[in-house]
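Hi,

Here is the structure I promised to pass on. Have a look at it first, and then read on for what turned up in it.

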Amino acid sequence: KMAGAAAAAAGAGSAGSAAALWSEVNRCGQNGDFARALKSVNKILQISKDDVTALQCKVVCLIQNGNFKEALSVINTHTKVLTSDVIAFEKAYCEYRLNRIENALKTIQSASQQTDKLKELYGQVLYRLERYDDCLAAYRDLIRNSQDEYEEERKTNLSAVVAAQSTWEKVMPEDLGLREATYELCYNSACALIGQGKWNEAMKKLQKAEELCRQSLSEDSDVTEEDIEAELAIIHGQMAYIMQLQGRTEDALQLYNQIIKLKPTDVGLLAVIANNIITINKDQNVFDSKKKVKLTNAEGVEHKLSKKQLQAIEFNKALLAMYTNQADQCRKLSASLQSQSPEHLLPVLIQAAQLCREKQHAKAVALLQDFADQHPANAAEIKLTMAQLKIAQGSVTKACMILRSIEELQHKPGMVSALVTMYSHEEDIDSAIEVFTQAIQWYQQFQASQTRPKSPVHLSLIREAANFKLKHGRKKEAISDLEELWKQNPKDVHTLAQLISAYSLVDPEKAKVLSKHLPSSDTMSLKVDVDALENSHGATYVRKKAGKLTGDSQQKEQGQGDVKKKKKKKKGKLPKNYDPKVTPDPERWLPMRERSYYRGRKKGKKKDQVGKGTQGSTTAGSSELDASRTASSPPTSPRPGSAAAASATSNVIPPRHQKPAGAPATKKKQQQKKKKGAKGGW
């Protein structure tokens, strides 16, 4: 455009110096030397400061040199000359490159004529504003009404819009019928598949995109292997993300670190990879996470990523602050996030988690309750968290009250099961039955309005309620539930059997009447080949076949059977010196030390010589002073070999209490062991 304007001005110029300058501008523009062309344009403006063509050329030169602020300043300074009709595209483009997206949109919409260039820029602006539906319509219109060498780029942008819809808005992408001949198209298609959760298919698309990228770049001799790896970085980043989603965190972490080592120039890519590494680390490897956070704070990141990506990074910063015990920083970040997105759940959950780490559970519950009151649409998830906190504090009943206040979940089988389990733990059977009753009533009302038969969930709840009532002794209530089930399906033998079992405990006559409805044993008999079942691979017992037994073995087994039949129970053995004339000792079941006639152990000769005084001293006449040796006291045990004499005395000790003949030897061994122990003690 600049070269054409310069040529026209040169034809109309009257002065020779101006014509020469315009020729220089034209030549430099064709050669791409816009810095030199700008010098010549400035000289022309010194001659004619309000020359529209010269001002346009100056703006173009500044844009080509990347001086967008200066170009926009020139446009705004000469608004009288450079009207919106003349320079709308250049102004909008400068605003777009300066990330003033809203201003760029206004400039495009205020233009009187919508040229193809403005439409192209309009599509880019809508994409940056995340207005994907409008952007999709704009690119479709461009592709339909344009025929030039940029058709492939427009298709690539169109596929990028579809991928963004699938990823951020969870919209099912439509088949655009685009031939994936370039690696950009393959990459965008893979992103759309990731948004749908089709990770394996997305990985195949990314591998194809990597292959096409290598083929495309290897054809250029000036491109090095490092340049190829840098271009492949974004593809490898998506591959690592899929690995992370699949739970292959080690492989994902390795690939993420390889990309960071390449030091790509795309700050957006580095920020996303650093954030994903932080999510893998969680509360572990905190030092590495702190280093990676710096990559997310790089300049220009906010203009490279979508709003949801930036929001996710901020959430992870707050969580990292919580894990590193930076309570003030965590509160500051979560409060900022809550002000930006008042209805979002994560900020308030992070604040509650931080309060719990500080042992302030009551404040955490109050914070969650305030949020639930202000945002009823998100109250369900918040109340579930509140219930979890109450359970952690041991307040199970209060947790049940919170869960029952979630109206949209009261009838769900999972919620009913949780409440019944918790009430059973608290032994509140009435409340548990009430939960069943409310859920059953909800299904009854819902199905009455829908004019449908009872759903399997409804019938399952009735059955579970009946089983629960039977378990806890509520037989009459259980019977009414079972009767309701049997009415719904009279052929259900299992329900009928339960009903008969319940009635047998309350009304046996009714149970007999109902038992007539049971099918006969003939109809319920199963055709089972017992031999085949016993000989099957999984049988634990296999019957021996009679044909394999020989005659001798049969006689042997039969003989063993006869012996077993004649075997009788043996009588208990009595002691050898048992005397049936002697009355058994009534204290025979007490320990020896607790019996009335116990006088201690009989002292041995060696023990008699050892005194109880100081070391080495002896006590003379200890045997004379031993009261156990007097005639008035009964003997502690009979002497070996004197059982007949002992039985004739009046103070007889029963045979069960007499020590065996080998007792003295045992006592001697014990004394030797004690002696050894004493010697070792020294």
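**Salt bridges and helix packing**

Lys-119 and Asp-141 are joined by a salt bridge, with 4.0 Å between their closest N and O atoms. This pair ties together distant parts of the chain, as Lys-119 belongs to helix 8 (residues 116-128) and Asp-141 to helix 9, 22 residues apart. Before going further, please keep in mind that this is a predicted model. Lys-119 has a relative accessible area of 28%, so it counts as partly exposed. Asp-141 is partly exposed too, at 26%.

In total, 21 salt bridges were counted. Another of them pairs Arg-214 with Glu-210, where the closest N and O atoms are 3.7 Å apart. Both residues sit in helix 12 (residues 199-218), separated by 4 residues, or about one turn of the helix.

Arg-404 counts as buried at 17% relative accessibility, and Glu-434 as partly exposed at 39%.

Now for the helix packing. Helix 9 (residues 132-145) packs on helix 10 (residues 151-168) at an angle of about 160°, and their axes are 10 Å apart. Angles over 145 degrees count as roughly antiparallel, so that is how helix 9 runs relative to helix 10. The crossing of these two helices is left-handed. Among the residues that meet are Leu-136, Tyr-139 and Ile-143 from helix 9, and Leu-158, Val-161 and Trp-168 from helix 10. Sorted by class, this contact has 11 nonpolar, 2 polar and 4 charged residues.

On to the next pair: the axes of helix 10 and helix 11 (residues 183-195) come within 7 Å and cross at roughly 15°. Helix 10 is therefore roughly parallel to helix 11, and this crossing is left-handed as well. The contact includes Ser-159, Ala-160 and Ala-163 of helix 10 and Asn-188, Ala-192 and Gly-195 of helix 11. Its make-up by class is 5 nonpolar, 6 polar and 3 charged residues.

Happy to go through any of this with you.

Best wishes

Notes
Residues numbered from 1 in each chain as written. Predicted model: local features only at pLDDT ≥ 70, side-chain atom pairs only at ≥ 80, totals over all residues. Heavy atoms only, no water. Axes fitted to C-alpha atoms, helices over the stretch in contact; angles between N-to-C directions. Parallel < 35°, antiparallel > 145°, perpendicular 65-115°, else oblique. Left-handed = near helix turned anticlockwise from the far one by under 90°. Contact = heavy atoms within 4.5 Å. Nonpolar A, V, L, I, M, F, W, Y, C, P; charged D, E, K, R; others polar. Salt bridge = Lys/Arg side-chain N within 4 Å of Asp/Glu carboxyl O. Buried < 20%, exposed > 50% of the residue type's maximum accessible area, 1.4 Å probe, protein only.
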